[in-house]
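Visitor: I would like to learn how to read disulfides in a model. Could you walk me through some?

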Amino acid sequence: MALAGPGTRDCRPLAPLLLLLLLPPWDPALALLAGTVPSETRGDCASDPCAPGTQCQATESGGYTCGPVKPQGCATQPCHHGALCVPQGPDPNAFRCYCVPGFQGPHCELDIDECASRPCHHGATCHNLADRYECQCPLGYAGVTCEAEVDECASAPCLHGGSCLDGVGSYRCVCAPGYAGASCQLDIDECQSQPCTHGGVCHDLVSGFRCDCSGTGYEGARCEEEVLECTSGPCANNASCLEGLGSFRCLCWPGFTGELCEVDEDECAAGPCLNGGLCLQRSDPTLYGGAQAAFPGAFSFRHAAGFLCHCPPGFEGEQSASVQTSREGSPVRPRPCHQGASAKPLAGDDCSVDVDECASWPCLNGGHCQDLPNGFQCHCGDGYAGTGVGWALGAGRVRVVGPG
């Protein structure tokens with residue numbers, strides 16, 4: 001062993017000091033250098049007899065046991081709710097938990113209550129979730145915090161032109177005429193109440209109905225009024241109109257026929273006037289009134305049936321010939337004579353009677369009278385002469401030609 005001489009300095013003690021300064025404070029070598037670690041007693045565990053993944057434990061009797069390695073620190077999964085575990089320092093049991101949002105505490109075991117601030121409005125229910133909350137809104141409200149009132153009319157729920165009135169959590173439809181239902185979806189059947197009377201057919205319309213009264217004999221919005229067919233005056237020639245249900249009947253005056261009494265019967269069509277007599281119809285209004293009128297008085301439908309023959313000279317039967325009936329169809333006895341004359345048979349009403357010009361005894365001095373058409377001839381006796389021929393000059397007048 002060499003000894004340091006006088007005047008020399010031994011630098012060896014400085015090396016351990018420098019090593020102590022360079023080692024971290026938790027390094028076991030530091031304790032060994034400092035002389036603070038007692039010498040290890042060699043035992044059964046010194047030879048590391050246990051299998052990998054197990055740990056040797058010395059017993060009081062001087063033996064050992066092999067058991068599972070006891071986890072330490074982050075190996076024990078001390079952090080909850082998905083927190084991150086980070087080891088801290090040399091101590092294997094030292095660690096630190098970094099919590100995910102919504103949790104707190106040393107081991108992130110505490111759930112932060114986001115509902116504590118009462119974020120939900122209008123009586124909504126707050127549900128605390130991980131790092132967030134959820135508001136369950138009451139009917140009629142929406143939004144993250146149920147801050148907005150729902151407009152139930154925004155979806156236009158009212159149909160057929162109905163007006164929507166928004167309420168809290170509800171709406172009400174004011175329906176247009178003719179519709180009903182919560183959403184005005186029903187078309188009201190106005191025919192359901194059977195508004196059409198007397199067999200009228202009802203047609204349902206929007207907010208109304210229409211009655212078809214065809215063939216019922218009634219009219220009006222509900223077929224409530226009977227049709228008065230006679231109001232339009234359908235019967236001609238002053239005939240009477242009788243109302244019926246959906247019909248009418250015309251009562252014609254004598255001398256007129258047809259459904260509407262529109263046909264004037266032509267009594268002269270058959271040529272009733274003989275010997276060239278002129279047939280005058282009583283239904284001709286132009287033959288009444290005035291100085292040259294064929295018929296006296298004013299025209300009347302009551303006496304319009306029949307005819308009158310105006311005979312040529314030498315024939316008679318100028319009085320009227322008529323066959324009258326009442327409007328009901330019953331016969332009326334004719335009155336063929338002129339005013340002031342006496343009634344007589346109608347044999348001469350058609351000019352069929354030749355006037356006897358000899359009836360006035362026109363032949364004198366016993367002459368024999370021979371009646372001729374519209375005249376006469378005298379056949380004189382002995383001692384008398386003359387042509388003895390005459391002709392009628394008119395009613396009651398006779399002219400005689402020849403000596404008298």
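Visitor: What is the handedness of the disulfide of Cys-45 and Cys-56?

Guide: A disulfide here is a pair of cysteine sulfur atoms within 2.5 Å. The S-S torsion of Cys-45 and Cys-56 is about -70 degrees, so this disulfide is left-handed. Cys-45 sits in the loop between helix H2 (28-34) and E1, and Cys-56 in strand E1, eleven residues apart. Helices (H or I, at least four residues) and strands (E, at least two) are DSSP runs, numbered from the N terminus. The two sulfur atoms are 2.0 Å apart.

Guide: Please keep in mind that this is a predicted model, where local features need pLDDT of at least 70 and side-chain atom pairs pLDDT 80 or more, while totals for chains, interfaces and linings use all residues. Residues are numbered from 1 along each chain, and side-chain values use heavy atoms, without hydrogens and water.

Visitor: Is Cys-56 buried or exposed?

Guide: Buried means under 20% relative accessible area, exposed over 50%, and partly exposed in between (1.4 Å probe, protein chains only). Cys-56 is buried at 18%, whereas Cys-45 is partly exposed at 25%.

Visitor: Which residue stands opposite Cys-56?

Guide: Two strands pair if DSSP finds at least two bridges between them. Cys-56 faces Cys-66 in E2, and five bridges join the antiparallel strands E1 (residues 54-58) and E2 (residues 64-68).
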